[in-house]
Amino acid sequence: MNYFQCPRKWSGSTPEKDPQFSEIANKMTYGNIAGYLVEHPGVATSITLGGMDAFAAAHPDYLGSYPATTGHPAGTLESRLALYSDFSRASGRALIPGLLALGVFGFFWYRRLRDNPRRAAFVAVMVCMIGVVVAQFASAVYGEAIEDTKHLVYGVFAGGLAIVLTAAAAFCCPPDTEERSGERSGDRHARHKAPVPRVADTIG
C-alpha cells in the first residue's frame with residue numbers, strides 16, 4: 001500500500017498545511033518512508049544525489065560569511081582561506097563516495113597498526129568521523145529532506161576533520177619500527193660510552 005497517495009494533488013505549499021493531511025499524518029513514519037523509497041528507487045536515487053550536492057556545497061547558497069555591518073552585498077563569501085569548502089565544491093558528488101572509501105580503508109588500516117598506537121589513534125578517530133558523516137547524511141537527507149546543507153553541517157565538519165586526521169596519520173606519525181630502532185641505537189651508544197668518574201674517586 002502506498003501511504004503517500006493523497007485524495008487530491010497537493011499545492012505548492014508544504015503538505016502539512018493541506019486540510020486533508022491529517023488523514024495520513026499518523027502514517028508518516030520512518031518505516032513507511034523507508035518502504036516507499038525501497039519501492040521507488042528512482043525517487044531514492046534523486047534524493048541521494050540531491051543530498052550529495054548539498055553536502056558538497058559545504059555552505060548554504062543563501063547565506064554569506066560577512067557580518068551585515070561590513071558593507072558587503074548580501075550573500076558575499078570570504079573564501080581566501082576556505083580551503084575545505086573549495087575542495088568540497090570542486091569534488092562535487094564524488095566527495096561522499098570518497099569519504100566512504102576512506103572510512104573502509106581506515107578500518108583495515110587500523111587493524112594493521114597494533115604496533116603504532118599514536119598512528120592508530122589518529123586512524124580510529126578518522127573512522128569515527130566517517131561514521132558521523134554516514135549517520136547525519138542518512139538522517140538528514142532521508143529523514144528531513146529540507147535545508148540539506150544546513151542540516152548536514154556536523155557531517156560536513158566531520159568529513160573535513162577525517163581528511164585532516166588521515167593526513168596526520170600518514171605524515172605526522174613515524175613508524176613504530178623507526179622509533180624502536182632509534183631507542184636500540186641509543187642504548188648501544190649508552191653502553192659503549194665511558195663512565196664519568198666521581199669527584200670523590202678523583203680526589204682520593
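Predicted model: local features only at pLDDT ≥ 70, side-chain atom pairs only at ≥ 80, totals over all residues.
Contact is taken here as heavy atoms within 4.5 Å.

Helix H2 spans residues 41-57, 17 residues in total. From its first C-alpha to its last, H2 reaches 24 Å, close to the 24 Å expected at 1.5 Å a residue. Its buried residues are Ala44, Gly51, Met52, Ala54, Phe55 and Ala56. These buried residues pack against helices H1 (30-39), H3 (83-91), H4 (95-111), H5 (117-144), H6 (148-151) and H7 (153-171). Just after H2, Ala58 adopts a positive phi of about 65 degrees.

One of the helices packed against the buried residues of H2 is H3, and Ser88 is found in H3. Ser88 has a relative accessibility of 0% and therefore counts as buried. The side chain of Ser88 reaches the backbone oxygen of Ala56 at 2.7 Å, and Ala56 is itself among the buried residues of H2. With neighbours within four places in sequence left aside, the contacts of Ser88 are Phe55, Ala56, Ala57, Ala58 and Leu95. Among these, Phe55 is another buried residue of H2, while Ala58 is the residue with the positive phi just after that helix.

Helix H4 also packs against the buried residues of H2. Phe108 lies in H4 and has a relative accessible area of 48%. Because exposed requires over 50% and buried under 20%, Phe108 is classed as partly exposed. Together with Val104 and Phe107, Phe108 forms a nonpolar patch on the surface. The accessible area of the three residues together is about 300 Å².

Technical notes:
Residues numbered from 1 in each chain as written. Heavy atoms only, no water. Helix = DSSP H or I, 4+ residues; strand = E, 2+ residues; numbered from the N terminus. Expected span 1.5 Å × (residues − 1). Buried < 20%, exposed > 50% of the residue type's maximum accessible area, 1.4 Å probe, protein only. Patch = residues over 30% accessible without salt bridge, like charges linked within 9 Å, V, L, I, M, F, W, Y side chains within 5 Å. Areas by Shrake-Rupley, 256 points an atom, 1.4 Å probe, with all protein chains shown as cover. Salt bridge = Lys/Arg side-chain N within 4 Å of Asp/Glu carboxyl O. Polar contact = N/O pair within 3.5 Å; in protein donor to acceptor, adjacent residues only side chain to side chain.
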